[in-house]
There are 2 protein chains.
Amino acid sequence: MTAASNRTVSPGGPTVIAVDAMGGDSGVAAIIGGMEKSAGKNTDIRFIVHGDSAAVAPLLEKKPALARLVEVRDTDKVVSMDEKPSRALRSGKGSSMWNAIESVKSGEASVAVSCGNTGALMAISMLQLRKIPGVVRPAIAVLWPSRNPSGKNIMLDMGADIKADAQDLLQYAVMGASYARNALGLEKPRIGLLNIGTEEHKGRPELQEAAKMITDVAGIGDFEYIGFVEGSDLPSDRVDVIVTDGFTGNVALKASEGTAKLVGDFLKEAFTHTPLAKLAALFAMSSLKRLKKRVDPRRVNGGVFLGLNGTVIKSHGSADAIGVSAAIKLAYTLAHNGFSEKLAARVASGIEASKNTGTGTGTPESDEA
Amino acid sequence: MTAASNRTVSPGGPTVIAVDAMGGDSGVAAIIGGMEKSAGKNTDIRFIVHGDSAAVAPLLEKKPALARLVEVRDTDKVVSMDEKPSRALRSGKGSSMWNAIESVKSGEASVAVSCGNTGALMAISMLQLRKIPGVVRPAIAVLWPSRNPSGKNIMLDMGADIKADAQDLLQYAVMGASYARNALGLEKPRIGLLNIGTEEHKGRPELQEAAKMITDVAGIGDFEYIGFVEGSDLPSDRVDVIVTDGFTGNVALKASEGTAKLVGDFLKEAFTHTPLAKLAALFAMSSLKRLKKRVDPRRVNGGVFLGLNGTVIKSHGSADAIGVSAAIKLAYTLAHNGFSEKLAARVASGIEASKNTGTGTGTPESDEA
């Protein structure tokens, strides 16, 4: 069932995605289902699937069209969802997660996708792929529903690291811009720095410093720096990429998700409250479906690790086939655009630029900043 | 027209609220309208209204029932919405905002309410009312729609200060618990510390330290410490009070507000998208109204300044009469419960407790923590 027709990442050749089939809470079926959806839309996609072939093979047997695009690499070793990153580093070798990242390292695949635990995935990715020279803290960038034409904004860091100094925030801006160009097709992304007010004097000292550095590098980074943005701008159409430290980003994203879910649940309750409300829901069905589609978190599934020599995408642990498909589509788009190479080049020229303008040293600031 | 029937804050006597009539973007009419709504529900309420009597008097003339409860103190001096706190401190004396807080300081009123600018209001409040002994950083506590029976959760700090060390977070917990008891009527509020995960080892060092200190003081503070909570818990029913630093709190709140507004706007669009959708909206009207009421930000209007010798409530700058009425209702509830005195007593016993358990010195930690 399984030899991939081409294993190398060659221009014009097929686009190969490495998939960790064992991570996640929804089981192998959700992952295979997501692969099938993506394969239907992108004819030149191929997969290297890492996982327990006893679980994977029977599912693929039922999907012969997909099976032709898939090579299965057997392993029964799994990094569990609650495994600490340090332990995953010590004992994760040979796991489906480890091997998926190894496929990117070896050049067999362009991008790896895993629904496994974020901490372990980042730790193993950093160990195997190494940071791009000049990047101190890699970041996780996520998509969020917005009023922009694409329907999406990008926010980073989402918790790869819990702190970030001015130099880190500068690199998040450069990397976020490159990601926006390659994932959303924006020529000149608009970058905003998350703060508690839009006035120049507001916020923490490192934000003031980062604002200056980002302004200086905007030209060479091919983005527009629009200044400070606030939490309310997460879904705004005045910005494309929101830059913040991993602690703040994680809280902002989860708070927004929690609120969206609250409103959704209240909406459901409002339309089931009385028999009349249930009748109204029938009339309102297509409107409610339209709303649901626009704010469906599965549609924006996929956190991209930025700052490594290779691209890894973290799919939500509880993603179903639709969610996994969104993450794989993102992987395909980035691979197709040669994102890893473009990102490395952007980071290098960003460092060069900040050296020349004297806004940064190109070497890491003290951890205390 | 206007002598208040009783100006002292006496047990069993009327409850006097000082109102800054000139702050805010919606004008004096919104504020007088809000007062009228509150007065209709609380018969023992009285107001001292600070502002331009040329603007206030004509509005009160049309509301004789309200006018009987109001004393107007004339001033045409206003702290503008964009005035920097430092400038407001230097030149704000005699303004409607300043005088409203002075009414609390003098004991004439129990609580002051202003729709004016937050920074200036906090600066003037700190100068006039002074911090409760032992409190290093006062906090702003806000309400947020939740799945709890009250329909509300409390979050603090919301941006009074942009940082907080472990000792500050401990005091936010103690103050937040007291606020929850007096505003929401919860006997033993459940306190959570905002972090990027619920596992004990997660997050910044000051959060680990604060977690230990809060655990030790929970008994004497008469609250339950439930551990770390995440952004998604903002509207959760497993917690009543969410404690965090002012930077994170501000971002989380605004991100949630922005998301709620996005979903609301998408919902509106979904129900106006086609003629059929508009028809469906008619059938769904009562369900949609029910939803709107549950997530109406006006219903949770009112940020309470905690940690000062006296209570000041910041109403949203763009609050209409319904919003102002919610803030005044909150002011009334707190005044009626003798909140200022209870809060001071709680802070004192919290400090005593943390001395005895050895988890804190009772004196401020270094600013660097």
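**Exercise 1. Find how helices α7 and α8 of chain B cross, and which residues meet there.**

Start with the axes, which are lines fitted to C-alpha atoms over the stretch in contact, with angles from 0 to 180 degrees between N-to-C directions. Those of α7(B) (residues 166–184) and α8(B) (residues 205–221) come within 8 Å and cross at roughly 35 degrees. Helices here are DSSP runs (H or I) of at least four residues and strands (E) of at least two, numbered from the N terminus.

Before going on, note that this is a predicted model, where local features need pLDDT of at least 70, side-chain atom pairs count only at pLDDT 80 or more, and totals for chains, interfaces and linings use all residues. Residues are numbered from 1 along each chain as its sequence is written, while chains are lettered from A and ligands numbered from 1 in the order in which they are written.

Next, look at contacts (C-beta atoms, placed from the backbone, within 7 Å). Residues of α7(B), including Leu170(B) and Ala173(B), meet residues of α8(B), among them Met213(B) and Val217(B).

**Exercise 2. Describe the sides of strand β2 in chain A.**

Ile45(A), Phe47(A), Val49(A) and Gly51(A) point one way, whereas Arg46(A), Ile48(A) and His50(A) point the other. In a regular strand, side chains alternate between the two faces of the sheet. As for burial, 7 of the 7 residues of β2(A) are buried.

Methods
Contact = placed C-beta atoms within 7 Å. Buried ≥ 20, exposed ≤ 12 C-beta atoms within 10 Å, placed from the backbone.
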